[in-house]
Amino acid sequence: MLILPLVLALVVGMLNGAYGRVGHWLYANVTDLEASLYGFEQSAVDIGDMELALYSNNNPGKPAIVMLHGYSADKDVWPRFARHFVDDYQVIIPDMAGHGDTGFDASWDYSMPAQAKRLAALLDKLDIAQAHVIGNSMGGFLTATFAIAYPQRTLSATMVDPAGVMSPEPSDMFKMLNQGHNPFLIHNRAEFDSFYAMTMAQPPFLPGMVLEAMSDKYIERRSELEKIFADFHSSDYLEEKLADLKAPAMLWWGDKDRLLHVSSVSVWEAGVPQLKTHIFNGIGHMPMVEVASEAADLYRDFLQLVPAQIAAE
């Protein structure tokens, strides 16, 4: 985190009585500044029906990694993890349709097959034939969907606490959904605080003013998120297709995940051939945020094994 700008903005904001405005500015800008320090540039790529906003580093000719965020999140969840790969890989971190700077349109299809087609179109526009793909939550569902639909374009697939299968044990989130309450659809700060506590067991520090801005943004986006959720959950689950995921594959899960229960691991292991699995002890839904360096080391070790696996097949 950019500690000095945060502290300065906090002090200035307090002196000027602009707590809320400063919080919104920090939420909108500090992660972009941090990403730029790691070597990432922001751009937008026209894929036909929309422009996808993204972070990328300038590393042409290197193997490509695509990092996919989860539902209601955006590209800003990845840079602290992604910075470990900027020297050796071409890293692409898009805001998928409906999220972040890509924006929302009620006419767009937010199902996983539609998002996978957009990801393929993005790779086409960037002239990338094949990529390693890693995704969290909805992004993990998308990672697997893409790997199954586009096996020739997938160097490896890593699913991080992914959606896409029915867990043997219900998570806290699914218990709430079964009671008619979607914790992502926020009406007030108290609901946001309860939701945010479900997302990570070890969240990084954020000032209260930034959390307030995040809460405001969720409230503002509630109807959009409801549409995306409906499309996302209309996608067929993957249990019957997992055997078709032929790329070298890794599965991560935080054993304290309250959004998607860790018991789902057994479903993925039963379905995906030669799946490598890692359980993060004491970690929640977003290991790449909660323990970014540890997760990056694990991912780098996996990637170094992938060329040998491909050559052996």
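Student: How many aromatic pairs does a search of the whole structure find?

Tutor: In this predicted model, a search of the whole structure finds 24 aromatic pairs.

Student: What makes F81 and F85 an aromatic pair, and why is the pair called tilted?

Tutor: The ring centres of F81 and F85 are 5.3 Å apart, and rings pair if their centres lie within 6.5 Å, so the two count as a pair.

Student: How do you know whether F81 and F85 are buried or exposed?

Tutor: Buried means under 20% relative accessible area. F81 has a relative accessibility of 0%, so F81 counts as buried, and F85, with a relative accessible area of 0%, is therefore buried as well.

Student: Why is the pair of W252 and Y299 called edge-to-face?

Tutor: The planes of W252 and Y299 are at 90°, and an angle over 60 counts as edge-to-face, so that label applies, with the ring centres 6.1 Å apart.

Student: What does the pair of W252 and Y299 tie together?

Tutor: W252 belongs to strand β7 (residues 249–254), whereas Y299 belongs to helix α12 (residues 292–312), so the pair ties together parts that are 47 residues apart in sequence. Both W252 and Y299 are buried.

Student: Which residues form one aromatic cluster?

Tutor: One aromatic cluster is formed by Y71, F141, F184, F192, F195, Y196, Y218, F229, F232 and Y237.

Student: What makes you say that the charged end of K75 sits over the ring of Y55?

Tutor: The charged end of K75 is 5.0 Å from the centre of the Y55 ring, and the distance criterion is within 6 Å, with a further condition of lying within 35 degrees of the ring normal. R83 likewise lies over the face of Y38, at 5.4 Å from the ring centre.

Student: Where should I be careful with the model, going by pLDDT?

Tutor: Residues 1–17 call for care, as pLDDT stays under 50 there, although the protein averages a pLDDT of 91 and 89% of the residues score at least 70.

Note on methods
Residues are numbered from 1 along each chain as its sequence is written. This is a predicted model: local features need pLDDT of at least 70, side-chain atom pairs count only at pLDDT 80 or more; totals for chains, interfaces and linings use all residues. Side-chain values use heavy atoms; hydrogens and water are left out. pLDDT is the predictor's confidence in each residue, from 0 to 100. Contact means heavy atoms within 4.5 Å. Rings of Phe, Tyr and Trp (its six-membered ring) pair if their centres lie within 6.5 Å; planes under 30 degrees apart count as stacked, over 60 as edge-to-face and the rest as tilted. Buried means under 20% relative accessible area, exposed over 50%, partly exposed in between (1.4 Å probe, protein chains only). Helices (H or I, at least four residues) and strands (E, at least two) are DSSP runs, numbered from the N terminus.
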